[in-house]
Amino acid sequence: MSRFNRSLSKLGQSVSNKTQSFGHRASDRNIRLAVTGLSGAGKTAFITGLVNQLLNAGLTGKANNLPLWQVTRDERLYGVKRSLQPDLTVASFDYEQAMSSLKQALPQWPASTRNISELRLTLRYRPSKGLLAKLTDSASLYLDIIDYPGEWLLDLPMLKLGFSQWSHSQTQRQNIFERSQYFEEFVALTHSLSLEAPAEEAELKQIAEAYQRLLIDCVEEHGFYYAQPGRLLLPGEFAGSPVLAFFPLLNLAEEVRAKLESSDENSAYKVLKNRYKEYQDKVIRPFYKDYFSTFDRQLLLVDCFTPLNKGKAQFDDMTQALNGIMESFKFGQSNILKRLFSPRIDKLLFAASKVDHITRDQQSNVLALLTQLVKESQRQAKFEGCEVETMAISAIKATQHGMAKSGAQQVEVVQGVGLADRRAVTLFPGEVPKSLPQANFWQDQGFEFVNFAPPNYSAGEQGADFEHIRLDHLLQFLLGDKLN
């Protein structure tokens, strides 16, 4: 009986949380902000830095660490605190563990995102406009920040493709696959597979694992981004399940494919085709429906520097991946009915991350480059009525700017601690191109982006614990209209 009562209590709590959440959305007091980006863009560090800035903002007598955010500039923000999230089935973003990593004697960047997580903040402020300002001197905005692996985003374009179309799209990436030491192993195993014969679970699993090694190697060792299916990189709850035991059939002739379409339902070809369909229906679509459809505002972090370091092929691959992702988002002006039953992203922010890693005179260049990089996606979103902005930011500033002598001239440099060897570094990373790089850029490439370690932690007496670059500008764009 006691177990029944506990179950009933948990059910009641879940219903209560969802009812409260429904009320907050109906009264426009809840914003769901999705933070995403491709691998290496710094999503976890960004959220940690942003939350730290928010928790230390407000009318507490401290220095204003977010001066360009209007609600703090007007001294109308009373404070921000952590609150219980409404969805009890989603993991909580581990802010405490992320801060613990940054507070170590040798600070470490927080661990990368490996699953979906959520965090709720309550922002208490004094309204300045409208009916609310006449009725009360304090109001609350509930901000839900949702973090999820960028690798999973890469699956969204697969919803538009059948198995044979997807296999063809992967065939077009063969020049990338060939760079991996695992490519020949994968090709040999697929050639030994009889597609008309009855499928054998162990054989399909073996080939899928070879394809997984190939994808991971292309991403982690060769710097590419567009790896499908993304769950082979980060399986989450599907690790080891047959729904991930599929792979593309490269260079399959059309006449062979047409013949295989009439093979037995238990044939290896049909099983692969069915598993691809199951992956669409049981993995991609539920993720899209359960999470993407609830987002109000979208922040897409972009690391422009790593692909500039790697080369033209990697830079082009990142561009293709970003465009594929953006095609899958829903954009449009929101209203009360849409917010409750069919939400649309009404504000989209593209943010070039880690701009503390380049000199200040190059930050305008990276902003111009990012604008060119997402030009088509920006045009599409604006056409659908979505407000779009691009920014160059850093949530946790890991470097200091300085001047150094180069010959007879003084040049601007960045100073920090290298992540790899923990040695002090002073350098000019190079000039960031203002537009999409042309052939001569790659021939004469002199860009040297360095991964810096986090700054040594020192609890802030006058505000937040870290310096930042333009997080106040970011908050004004994403939340300013809800805090008037």
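Modeller: Arg231 lies over the face of Trp152, at 3.5 Å from the ring centre. This is a predicted model, where local features need pLDDT of at least 70, side-chain atom pairs count only at pLDDT 80 or more, and totals for chains, interfaces and linings use all residues. Residues are numbered from 1 along each chain as its sequence is written, and side-chain values use heavy atoms, with hydrogens and water left out.

Colleague: What makes Lys347 a charge over the ring of Phe477?

Modeller: A charge sits over a ring if NZ of Lys or CZ of Arg is within 6 Å of the ring centre and within 35 degrees of the ring normal. The charged end of Lys347 is 4.9 Å from the centre of the Phe477 ring, so the distance meets the limit.

Colleague: Why is the aromatic pair of Phe163 and Trp166 called tilted?

Modeller: Rings of Phe, Tyr and Trp (its six-membered ring) pair if their centres lie within 6.5 Å; planes under 30 degrees apart are stacked, over 60 edge-to-face, and the rest tilted. Phe163 and Trp166 have 6.4 Å centre to centre and 40 degrees between the planes, so the pair is tilted.

Colleague: How do you know that Phe163 and Trp166 are buried?

Modeller: Buried means under 20% relative accessible area (exposed is over 50%, partly exposed in between; 1.4 Å probe, protein chains only). Phe163 has 4% relative accessibility and Trp166 has 0%, so both count as buried.

Colleague: What makes the pair of Phe163 and Tyr269 edge-to-face?

Modeller: Their ring centres are 6.1 Å apart and the planes stand at 65 degrees, so the pair of Phe163 and Tyr269 is edge-to-face.
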